[in-house]
Amino acid sequence: MSFPWAKQYAPKHPVMQWIDEKLPLPRFVYNAIGSGYPVPRNLNYFWNFGVLSGVALVCQIVTGVILAMHFHSSAAGAFESVNGTIMRDVNAGWFLRFAHANGASMFFIVVYTHIARGLYYGSYKAPREMVWLLGVVIFLLLMATAFMGYVLPWGQMSFWGAQVITGFFSAIPVVGDWIRIWLLGGYAPDDAALNRFFSLHYLLPFVIAAVVILHIWALHIPGSSNPTGVEVKDEQDTVPFHPYYTAKDGLGLVVFLIVFALLIFFAPDMLGHPDNYIPANPLSTPAHIVPEWYFLPFYAILKSFTFDLILPAKLWGVLAMFGSILLMFFLPWLDKSPVRSGSYRPMYRIFFWIMIVDVFVLGYVGGAEPIARNVILGQIASMYYFAHFLIIVPIVSRLERPKPLPNSITEAVLAKGKSGETAVSA
Amino acid sequence: MSALFVKSIKFLIGGAFVVALFLALWTTVAGMINEPAAETAAEEFHLKPEHLALQSDGPFGTFDEQQVQRGFQVYKEVCAACHSLSLVSFRELEGIGYTEAQVKAIATGWTTPQPTFDPKTGDRGERPNTPADRFPHVYYPGQGSPPDLSLIAKAREGGASYIHALLTGYQAQPAELLEKFPDAKTPEGLHYNPYFANLNLAMPAPLTSEGQVQYLDGTRATVDQMSKDVSAFLVWTAEPTLEKRHAVGFATILFLIALLFLTFGAYRSVWAGVKH
């Protein structure tokens, strides 16, 4: 599962030799993220974000496990246990809570960057389709985990967010309401819903960790992609993961931690909503129910469907919202271009950047008041989103004439040095 | 035929979403032209609070203990009659400069007692507060409880600035509002305040005259001063650990910047001589 020139694990210390004979775990780590994994030498900083996502997951699990020790999972006690006990009485509880809440945001920031990198550099294409598919599974699990986590403090947005999201299921014809009541364990979110969300919120991160292992396993079969999209040809094209990329990821990790620390210590509530500091009240609906920032683009898609075309508008919205993520599963087969990297695809590159702007527009609309101007903006942006993946990308991959590719990674690297460029290829 | 269908299924699905959205867009635009959204009094007369500068602002912010103590006095003598502070414990007052003995005196002298319940006899009673207790819940007979103030500075857009603007913003309903929106007259029992989301709130102006509170430190107790002080106090109740958060954050960032230099050096030395 690796290149023939990969270094072999040869423990010198007798204890390591003894362990390696009994259980080759050190060998496994060595081959996965040590010197035994040859990686293209030309990865830019966007390749840091996979490791950063893994770090974010570990941060969430560590802070989450400790928070769970102090959390009171009941509709009567949840808000008080988070905002009273944890924030005021638990030693450094305020730090754990802010680190966990902002850790979720950091997780999504790095995961979205990781996904965007995959889209630009065509990381989803053969032979890495399985890596991409598992990535989409991780993303779905991450969204479910984040949603359920946001319900736990039992503030106004927690409660009404749970009400809205579980309301999606009532859009299913005939059995919808029945399914919603079954999922919630009642007619509205209450103890039953809160407890099952807590249980699943504790379980799913470990499921994510398991799928992450599969994701990395699938990655190690073809090896990492790179900014040129040209496959590794010989030993010259690669460097061992350790120490080269442990050093580069280490640098990226410290930058990540600085941003994370700035959020936790100096703007812990910036990405949250003030209404979640009000205890859940089933009798008082907030003026504007909005999800956390990382769901806003999808929320905008949901809200954009306001016309009953054969099916009710609400069902269209729900289908489109789930569809907007599920279509990612088909991306490796929607984009037929043999060229991976967007750097060599002049047409695709333009549409890629339009799509990125489009997602930001959707994010804005998702959080904005539903006045006519914003609704129109959201409807146009949603149209582009679906047109991009289902119509534009398949057509572009046929029409486009890509730029000539370098013969090898090494050739591209050396050519870059000659022309005096120092910046990483975008 | 079926092969063609499979081949074009992506265009069909994509097209269906685009058509549904196009029709939705059409109806939105038509609706906007046919019946433009009517303006409401709340949209036109609602005011955004002016920024209230406090010592706790910014990355190095700390609490002004004198001001927070004055704010506590305002809370105790004015707000506490109706508003609870049920997430805050009396012992936490030591964090704003009161001594242990003073906190004990404040707790035992607190007007609202702690409710008790004897599980053996079923008797309900009352006892004086102790420093270990949280501020007792205030019941407001017949009308439910006004909002708890523990987290109010975080639970409202604008935080302390909003609280200060609201407390000083009570006024008579402007004549031009009534002229333009005759139906928007403030109902009986509510009070006009342009900083409140729908302009009319149930709470009457709580701070009405200078000297309503006799400050122990001799500060002139104008309505504006009392509003500022109680806003500062509510920033403290919303997050008593704010000062500690800033201090730990400062040390953490310094440490990480040092680490950044080290990791950058490590990166440079590892990659020296390797073109990439």
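Predicted model: local features only at pLDDT ≥ 70, side-chain atom pairs only at ≥ 80, totals over all residues.
Residues are numbered from 1 along each chain as its sequence is written, while chains are lettered from A and ligands numbered from 1 in the order in which they are written.

**View 1. Helix α5 of chain A and its bend.** The answer is about 25°, at G103(A); the bend is the angle between axes fitted to the seven residues ending there and the seven starting there. Helices (H or I, at least four residues) and strands (E, at least two) are DSSP runs, numbered from the N terminus. Helix α5 covers residues 93-120 of chain A, and at 1.5 Å a residue its 28 residues should span 40 Å, which agrees with end C-alpha atoms 40 Å apart. The expected span is 1.5 Å times one less than the number of residues. Of the 28 residues in α5(A), 22 are buried, so the helix is mostly covered (buried: 20 or more other C-beta atoms within 10 Å of the residue's own; exposed: 12 or fewer; partly exposed: in between; C-beta atoms are placed from the backbone).

**View 2. On either side of α5(A).** A92(A) sits in the loop between α4 (78-89) and α5 of chain A. Its phi is near 55°, a positive value in a residue other than glycine. A92(A) counts as partly exposed because it has 13 C-beta neighbours inside 10 Å. G122(A), which follows α5(A), also has a positive phi, near 60°.

**View 3. Two cis peptide bonds in chain A.** One joins A126(A) and P127(A), with omega about 5°; P127(A) is in the loop between α5 and α6 (129-151). Another joins H242(A) and P243(A), with omega about 10°, and here P243(A) lies in helix α10 (residues 241-266).

**View 4. L199(B) in its loop.** Look for L199(B) between β3 (191-192) and β4 (200-201) of chain B. Phi of L199(B) is near 75°, again positive in a residue other than glycine. With 22 other C-beta atoms within 10 Å, L199(B) is buried.

**View 5. Where chain B meets chain A.** Here 46 residues of chain B are in contact with 48 residues of chain A (C-beta atoms, placed from the backbone, within 7 Å). On the chain B side, α2(B) gives the most, with 17 residues.

Methods. Contact = placed C-beta atoms within 7 Å.
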